[in-house]
Amino acid sequence: MPKVKISALGCYVPPRVLTNQELERMVNTTNDWILERTGISERHIADPEMATSDMAYEAAREAIQVRGIAPTELDAILVSTVTPDMFFPSTACLVQDRLGARGAWGFDLIAACSSFVYALNTGAHLVMAGTHRKVMVIGADTMSRIIDYTDRATCVLFGDGAGAMLLEPVAEDEGHLGYIDFLGEVDGSGGQYLKMPAGGSRMPASAETVARKLHYVHQDGQQVFKYAVRKMYEVCRDLMKKNGLAAADIHLMVPHQANRRIITATAERLGIPCERVIINIDRYGNTTAGTIPLATRDAIDQGRLKKGDLVLFAAVGAGFTVGATLWRWAY
Ligand SMILES: CC(C)(COP(=O)(O)OP(=O)(O)OC[C@H]1O[C@@H](n2cnc3c(N)ncnc32)[C@H](O)[C@@H]1OP(=O)(O)O)[C@@H](O)C(=O)NCCC(=O)NCCS
C-alpha cells in the first residue's frame with residue numbers, strides 16, 4: 001500500500017477585514033467581550049460577488065503553482081464546505097472546471113467544522129489505495145452568507161476563507177513521512193445545537209423561512225462549547241494513545257479555530273505546551289472548513305512546521321462531529 005503525504009498548500013482569504021470595532025457599531029457587543037470570550041479581533045469577509053468556489057479555486061490554484069504541476073494531473077478534487085455555491089452542481093465540479101482539471105473526478109463533503117479533517121482522511125485513502133496519485137483536498141467556507149448580522153451571539157464568531165492541500169504518494173526513500181492515522185466520531189444527537197434549519201428538504205426555502213431567519217446559523221453556544229472541549233481532547237488523546245505517542249512527541253498541534261478557550265483547554269489537558277499549538281483565530285475568526293489549512297500556512301510562515309515534524313490536526317463541529325489525524329510533515 002503506498003503511503004501518502006501532503007506535498008503542497010494553498011490558501012485564500014478575501015481582502016476585506018471586519019473588525020470587532022465595526023461589529024460594536026452593528027450589534028450590542030464590545031471588543032473586550034469578543035476578545036475575552038473568543039480570542040477573535042478580526043475576520044475576513046467576502047465581497048458580494050465572491051462565492052465559495054472562487055475562494056476554493058484560488059487556494060487550489062496556489063497549491064498547484066507551488067507544486068509546479070499542471071491542473072490536468074489532478075485525479076480528484078474534494079471540497080469540504082457547508083456553504084457551497086449551490087446545492088448542485090457541487091463546488092468540486094465548479095472548481096474542477098475553473099482550474100481546467102480535465103479528467104479529475106470529485107465531490108463535496110459536509111461535516112461542518114470537522115470537514116477538512118474528514119476530507120483529508122478521505123483523500124489520503126484514495127492515494128493509499130493506489131488508485132490516485134494527486135488528490136486536491138480543499139476546505140472553503142463563506143460563512144458570512146449564512147450569518148445573521150443582527151445576532152450578536154453568532155455574528156462575531158465567523159469569517160470567510162479557504163485552504164487546499166495536495167496529497168501525493170510518498171517516494172520510497174521518504175517512507176517515514178506522511179499520513180499516520182485518523183480517528184473520527186459523529187454524534188447526531190447534538191445536531192439540534194448548531195444548525196442552519198431551512199433551505200433543505202426538511203424545511204424548503206419559502207418567504208416564511210426567510211422572514212423567520214431560518215437560513216442563518218442557529219447555535220446554542222454553551223452546548224457546543226461543552227462538547228467541543230470534551231471531545232476534541234478525547235479524540236486527540238485516543239489517537240495519540242493508539243499510536244503510542246505522548247504529548248512530548250507532538251511537534252505541532254493545528255486545531256480547528258472556533259474559540260481560543262476551546263483550543264487552550266484542549267491543549268492543556270493533552271499536555272501540549274502553547275508554543276506547540278497554532279492559534280490564529282484572532283485574525284480570521286472561525287472559517288469552518290478553512291481554519292486548518294489557514295493555521296497550517298501560518299505555522300509554516302512562522303517557521304514552526306518543518307519537514308519531519310509530527311503534526312496533529314484536530315477539529316470539532318456541528319453534527320456533532322469530531323476528528324483528529326496525525327501526519328509527519330513532508331516538505
Ligand atoms: C458563543 C460563545 C463564545 C459564547 O460564550 P459564553 O461564554 O458561552 O457566553 P454565553 O452564551 O453564556 O453568554 C453569556 C452572556 O453574553 C451574552 N453575549 C452573547 N454574545 C455576545 C456578544 N457578542 N457580545 C456581548 N455579549 C454577548 C449573552 O447574551 C449572555 O448574556 P446574559 O448572561 O445576559 O444572557 C461560546 O459559547 C462558544 O464559543 N461556543 C462554541 C461556539 C462554536 O465553537 N461554534 C462553532 C462550532 S465549531
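Helix axes here are lines fitted to C-alpha atoms over the stretch in contact, and angles run from 0 to 180 degrees between N-to-C directions. Helices (H or I, at least four residues) and strands (E, at least two) are DSSP runs, numbered from the N terminus. The model is predicted: local features need pLDDT of at least 70, side-chain atom pairs count only at pLDDT 80 or more, and totals for chains, interfaces and linings use all residues. Residues are numbered from 1 along each chain as its sequence is written.

**Stop 1: H8 and H9.** Select residues 221-242, helix H8, and residues 260-270, helix H9; their axes come within 9 Å and cross at roughly 35°. The crossing is right-handed (the near helix is turned clockwise from the far one by less than a right angle). On the H8 side, show Phe225, Ala228, Val229, Met232, Tyr233, Cys236 and Arg237, which meet Ile262, Ala265, Thr266, Arg269 and Leu270 of H9. Contact requires C-beta atoms, placed from the backbone, within 7 Å. By class, this contact has nine nonpolar, one polar and two charged residues. Nonpolar covers Ala, Val, Leu, Ile, Met, Phe, Trp, Tyr, Cys and Pro; charged covers Asp, Glu, Lys and Arg; the others, Gly among them, are polar.

**Stop 2: the ligand.** Stay with H8, which gives the most to the shell around the ligand, five residues. The ligand is surrounded by 21 residues, and the closest are Thr29, Gly221, Phe225, Ala258 and Asn259 (near means a C-beta atom, placed from the backbone, within 6 Å). Helix H2 (31-38), H6 and strand S12 (310-317), like H8, each supply at least two shell residues. The shell divides into eleven nonpolar, eight polar and two charged residues.

**Stop 3: the two domains.** Colour 4-174 as domain 1 and 178-328 as domain 2; the bounds come from an automatic or database domain assignment. The ligand shell draws at least three residues from each domain. Between the domain centres, taken over C-alpha atoms, the separation is 14 Å. In contact are 46 residues of domain 1 and 43 residues of domain 2. Elements giving two or more residues to the domain 1 side include strand S1 (4-12), helix H5 (115-128) and strand S7 (160-169). H5 provides the largest share of that side, seven residues. The domain 1 side holds 26 nonpolar, 14 polar and six charged residues.

**Stop 4: H3 and H4.** Select 52-67 (H3) and 91-99 (H4), which pack at about 50° with axes 9 Å apart.

Methods: Contact = placed C-beta atoms within 7 Å.
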